[in-house]
Amino acid sequence: MTHRIVRAPRDATERQRLETILVESFGSDDMSWATWMDRIGHDSLRVGVEDGAIRGGCGFYSFGQHWGGARLPLIGIAGVGVAPEARGKGLARTFLGETMRQARERGVPRAGLYASSAAVYRSLGFEQAGTTTRWSAPIASLPPGDAALPCGPFDPNEDTSLRG
């Protein structure tokens, strides 16, 4: 039977193993995952250990989302990666689920992420909450506007409808 645990990496060697997995998972060695780990904080990393070997991991950070006028605590999950030989066996589901369980124990009831694949995240209760669309066009291709349009200084404190 496969034995799995989820925990923070214990030392630089374990962080290096996670870095290798993230490079393999994201297909790029242009980004310094070691720098990312330092920025997110080593205590905010989790590794999935299967039968004594690190097979995947992720990072998380604290933030909040305003809902109904109140700030709700969330964790942001990032850098989710699984070693190629361990994929398709539910390991990501295990370490993501455990990371979220640990957050709930600390009073953080929600999690957010930018998903690269919907299936594993949907199995944990995530759904798409929004999208970002960016349009661009050369300025010369835009029609000329009305140059007589008045412009003036704006103070958001003067308009109470703009306050949250």
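Good morning. I begin with Arg4, which has a relative accessible area of 25% and is therefore partly exposed; that term covers values between buried, under 20%, and exposed, over 50%, with a 1.4 Å probe and protein chains only.

The model is a predicted one, in which local features need pLDDT of at least 70 and side-chain atom pairs count only at pLDDT 80 or more, while totals for chains, interfaces and linings use all residues. Residues are numbered from 1 along each chain as its sequence is written, and side-chain values use heavy atoms, with hydrogens and water left out.

The chain has a mean pLDDT of 88, and 96% of its residues reach 70 or more; pLDDT is the predictor's confidence in each residue, from 0 to 100. Helices (H or I, at least four residues) and strands (E, at least two) are DSSP runs, numbered from the N terminus. Confidence is highest in strand 2 (residues 45–50), at a mean of 95, and lowest in helix 4 (residues 118–122), at 86.

To return to Arg4: which residue does its side chain meet in a salt bridge? The partner is Glu50, at 2.9 Å, N to O; a salt bridge is a side-chain nitrogen of Lys or Arg within 4 Å of a carboxyl oxygen of Asp or Glu. Because Glu50 lies in strand 2 and Arg4 in strand 1, the pair ties together parts that are 46 residues apart in sequence. Glu50 itself is buried, at 9% relative accessibility. The count of salt bridges comes to seven. Among them is the pair of Arg7 and Glu14, whose closest N and O atoms are 2.6 Å apart. Arg17, Arg55 and Glu85 are linked in a network.

The largest nonpolar core has 18 residues, of which Ile77, Val80, Phe95 and Leu96 touch the most other members. Such a core is a set of buried Ala, Val, Leu, Ile, Met, Phe, Trp, Tyr and Cys residues joined through side-chain atoms within 4.5 Å. Helix 3 supplies the largest share of this core, six residues. A second, separate core of 13 residues includes Trp36, Ile40, Val49 and Ile54.

Finally, helix 3. Its buried residues include Leu91, Phe95, Leu96 and Met100. After helix 3 comes Gly107, with a positive phi, near 90°.

Thank you.
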